[in-house]
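Colleague: I am new to this structure. Please show me how to read its features.

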Amino acid sequence: MHYREYAKILLEGSTLEDKLIPLKNIDYVECLEIFELPDNPGRTNHLKFNNEQVKFPRNTSFHLEDKKALALHFFANHELLAIEMMAAALLIYPDTNKEMLSFKKGLIKTIQDEQKHLKLYLGRMKDFGLELGDFPLNDFFWRSMNKLKTPSHFYSTMAMTFESANLDFAQFYEKSFLAVEDFETAKIMKIVYEDEISHVALGAHWLNQWRVDKDLWSYYSSHLPGVMTPARAKGIHFDRSCRERAGLDSVFLDHLENFRDDFKVTNRKSW
Ligand SMILES: [Fe+2]
Ligand SMILES: [Fe+2]
């Protein structure tokens with residue numbers, strides 16, 4: 001099947017089976033078709049966006065199963081959004097040159113990891129009696145999608161910001177689950193963390209291809225949409241070594257580590 005047909009199932013299909021469809025025997029044939037981003041991804045009623053505020057549980061309450069399940073519900077929502085946004089990226093950026101097809105191959109590989117993560121979270125939530133959609137699913141990440149006009153905007157936002165922050169969050173929550181001796185959930189966080197390093201590395205690889213004579217930091221920070229700032233690329237405790245593993249150099253990391261802004265989200269305490 002052509003990669004775009006898969007992408008349409010991932011984006012427009014409404015069930016979890018659609019979002020988790022196994023991606024195999026994929027055709028990569030260049031395509032210049034114009035695809036208009038839908039207002040929302042396909043979602044069954046139970047999975048529809050709902051921006052009712054739900055507070056992320058404190059990790060000090062992780063001895064309680066329902067609090068752990070709620071935390072996993074947030075993480076699973078992020079995985080689902082990642083799958084849909086990456087599928088949208090496969091569709092909205094036309095294959096104007098050969099390079100775009102390798103960009104898309106990379107995206108498919110990443111989507112396979114996101115599907116794996118989503119399945120792991122869903123499975124663990126089920127152990128705690130929770131299903132995706134039992135709590136409101138916010139659309140925060142999705143709302144930035146229509147501002148990501150080029151693949152450079154896409155990777156600056158997705159890989160270098162959201163997934164970068166997740167490097168810190170995944171480590172933080174792995175430790176939180178270990179602290180309550182939930183080794184099974186901690187193991188899932190570790191898997192996500194390791195994969196996330198490669199996702200950030202892929203984003204950095206592409207921005208390095210595209211930036212030409214600009215340095216990576218200015219290229220990256222000038223491609224963030226709207227009011228988003230690099231503050232969003234960091235979690236609770238900034239970890240430098242995993243970002244070095246992702247191939248980011250010390251000049252870039254100095255900028256990121258020292259970046260401060262006035263936005264409230266900068267000082268947020270949880271994912
Ligand atoms: Fe993921
Ligand atoms: Fe990821």
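**Helix packing and a loop residue**

Modeller: Start with helix H1 (residues 3–12) and H3, which pack at an angle of about 145° with their axes 8 Å apart. Helices (H or I, at least four residues) and strands (E, at least two) are DSSP runs, numbered from the N terminus. This is a predicted model: local features need pLDDT of at least 70, side-chain atom pairs count only at pLDDT 80 or more, and totals for chains, interfaces and linings use all residues. Residues are numbered from 1 along each chain as its sequence is written, while chains are lettered from A and ligands numbered from 1 in the order in which they are written.

Colleague: How do I read such a pair?

Modeller: Two packed helices are described by the angle between their axes and the distance between the axes. Axes are lines fitted to C-alpha atoms, for helices over the stretch in contact, and angles run from 0 to 180 degrees between N-to-C directions. The H1 and H3 crossing is left-handed (the near helix is turned anticlockwise from the far one by less than a right angle; clockwise would be right-handed).

Colleague: Which residues of H1 and H3 make the contact?

Modeller: H1 gives Tyr-3, Arg-4, Ala-7, Lys-8, Leu-10 and Leu-11. H3 gives Ile-83, Glu-84, Ala-87, Ala-88, Leu-90 and Leu-91. Contact means C-beta atoms, placed from the backbone, within 7 Å.

Colleague: How do H3 and H4 cross?

Modeller: The axes of H3 (residues 65–92) and H4 (residues 98–127) come within 9 Å and cross at roughly 160°. H3 and H4 are therefore roughly antiparallel to each other (over 145 degrees; under 35 is roughly parallel, 65 to 115 roughly perpendicular, the rest oblique). This crossing of H3 and H4 is also left-handed.

Colleague: How far does H4 reach?

Modeller: H4 has 30 residues and spans 45 Å from first C-alpha to last, close to the expected 44 Å. The expected span is 1.5 Å times one less than the number of residues. Just after H4, Gly-129 takes a positive phi of about 80°.

Colleague: Is Leu-130 buried or exposed?

Modeller: Leu-130 is buried, with 20 other C-beta atoms within 10 Å. The cut-offs are 20 or more for buried, 12 or fewer for exposed, and partly exposed in between. Leu-130 lies in the loop between H4 and helix H5 (151–179). Leaving aside neighbours within four places in sequence, Leu-130 is in contact with Ala-69, His-73 and Met-125. Leu-130 and His-73 are 57 residues apart in sequence, yet 8.1 Å apart in space, C-alpha to C-alpha.

Conventions. Two residues are in contact if their C-beta atoms, placed from the backbone, lie within 7 Å.
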